[in-house]
Amino acid sequence: MFEPWSSSASQPNRRLAVAAVLVLALLSSCPAAAQASQPPVLKDAFAGCFSIGAAVNRQIVGGSTGRLGFGRRSAEQIERDRILVTTQFNSIAPENDLKWALIHPQAGPDGYQWGPADAFVEFGERHGMYLVGHTLVWHSQTPLWVFQGDGPLINNSQAAEQTEAGEESSEPRGRRFRRPGLEGPRATREQLLARMRDHIHTVVSRYRGRIKAWDVVNEALSDRGEEVLRESLWREIIGPDYIAKAFEYAHEADPDAVLRYNDYGLEDPAKRRKLIKLVRSLKAEGAPVMAIGTQAHLNVSSASFENMDRTLTELETLGLPIHVTELDINSARRGQRNTGADISGNVAATEGGLVDEADRRLAEAYEDVFRAFLKHREKLDVVTFWGANDANSWRSRGRPLLFDGASRPKPAFDAVLRTTTRAD
Ligand code: GLA
């Protein structure tokens with residue numbers, strides 16, 4: 001037997017083995033050793049700590065349909081966006097194209113639109129990236145046909161809420177979801193469960209073994225008082241066990257996929273308590289929740305090391321890996337009050353111009369949260385930015401990312417890299 005450490009091993013062999021161990025240690029150390037790439041690259045700087053992801057749209061992926069065209073960005077800009085994504089990031093999530101309204105806009109087996117999602121997966125695989133599927137069950141961006149059926153009448157105000165949320169998106173301007181009729185009877189519990197199962201099975205199985213992590217349920221928690229689960233047609237029609245069912249179906253479809261529960265505002269202690277309560281009860285019921293997704297839509301006024309440290313410390317009590325799923329830090333004046341992810345409130349949240357010394361404050365905020373990420377690196381698997389650069393962000397007017405619209409690194413980029421040289 002070859003024993004590299006035994007005295008019988010030849011000197012050159014032993015040297016080789018020592019060198020190999022050192023190289024491995026260097027490669028897997030977190031943060032990565034100082035000889036990181038020049039010019040600096042995020043995914044290399046954090047190699048061995050966590051993956052660095054970006055949400056991408058179909059233009060970046062290159063699977064743009066004629067309808068979306070290159071309306072918002074020129075072909076040259078998109079090319080630069082693509083280079084940025086493939087150079088700096090080693091994980092991607094589709095900003096919109098796996099959401100029910102886009103991938104399964106019509107009922108029935110022919111109601112799926114696979115093109116953009118297939119292109120997303122192929123793009124990611126071509127570049128050796130960790131692929132995230134976002135999202136299977138959500139109160140927003142879900143077509144109304146899903147909830148229509150043979151049950152009692154749909155309450156109009158709830159139905160309106162569903163479609164309003166679906167109307168807005170960070171897809172290029174001009175993109176609008178169809179507004180289905182709001183009248184009519186809603187689905188029964190059995191009908192809706194069957195549709196959910198069919199949707200999850202079809203989508204997850206198609207990408208089985210390729211998409212490695214799924215946001216199975218997105219934003220089920222309420223922002224109101226003590227109410228744990230938000231009002232939604234999922235909860236209304238199926239009951240609170242819709243969440244456990246969604247996880248069960250996703251696990252059936254791909255037993256190896258990492259199944260996440262994903263929500264926003266977990267920096268707020270009250271929301272976090274709800275998350276902890278929900279996930280504990282899901283685990284007690286045996287639901288295969290495998291990771292916590294914390295969106296982290298932050299703002300420069302409240303993002304701090306202490307807050308992120310506390311957030312992650314408490315989330316870790318659940319004993320599950322943590323994925324930061326939608327990181328951005330809003331620098332717009334009007335966006336400093338809350339960290340909600342409600343797309344309908346987003347316009348106001350990016351108004352008022354930028355805060356004073358926006359670049360400096362953004363850099364400090366990012367440095368703070370990345371110091372906290374590094375402190376919790378043992379539990380953190382992925383840190384995904386919600387967009388690759390400011391031009392592609394849903395909050396582009398709040399300049400919330402590390403790269404400007406021309407993909408040039410901002411001071412916040414250097415600040416993030418600095419954290420790797422002073423990790424606690
Ligand atoms: C939430 C969703 C994302 C995205 C953002 C805003 O955080 O999870 O898919 O819609 O809102 O764009």
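**The ligand shell and the disulfide**

The shell around the ligand is made up of five nonpolar, four polar and three charged residues. Please bear in mind that this is a predicted model.

Which residues come nearest to the ligand? Of the 12 around it, they are Lys99, His134, Asn218, Gln295 and Glu326.

Let me turn to individual polar atoms. In the side chain of Glu326, an N or O atom is 2.4 Å from an oxygen atom of the ligand. For Lys99, the corresponding side-chain distance to a ligand oxygen is 2.8 Å. Glu219 also places a polar side-chain atom 3.4 Å from an oxygen atom of the ligand. As for cover, the ligand on its own has 300 Å² of accessible area, and the protein covers 99% of that.

I now move to the cysteines. How many disulfides does a search of the whole structure find? The search finds one, and this disulfide joins Cys30 to Cys49, with an S to S distance of 1.9 Å. The link is right-handed, with 105° about the S-S bond. Cys30 sits in the loop between helix H1 (11-28) and helix H2 (42-45), while Cys49 sits in the loop between H2 and strand S1 (51-56), so the pair ties together parts that are 19 residues apart in sequence.

Are these two cysteines buried or exposed? Cys30 has a relative accessible area of 18%; because buried means under 20%, Cys30 counts as buried. Cys49 is buried as well, at 9% relative accessibility.

How values were computed: Residues numbered from 1 in each chain as written. Predicted model: local features only at pLDDT ≥ 70, side-chain atom pairs only at ≥ 80, totals over all residues. Heavy atoms only, no water. Disulfide = S-S within 2.5 Å. Helix = DSSP H or I, 4+ residues; strand = E, 2+ residues; numbered from the N terminus. Buried < 20%, exposed > 50% of the residue type's maximum accessible area, 1.4 Å probe, protein only. Near = heavy atom within 4 Å. Polar contact = N/O pair within 3.5 Å; in protein donor to acceptor, adjacent residues only side chain to side chain. Areas by Shrake-Rupley, 256 points an atom, 1.4 Å probe, with all protein chains shown as cover. Nonpolar A, V, L, I, M, F, W, Y, C, P; charged D, E, K, R; others polar.
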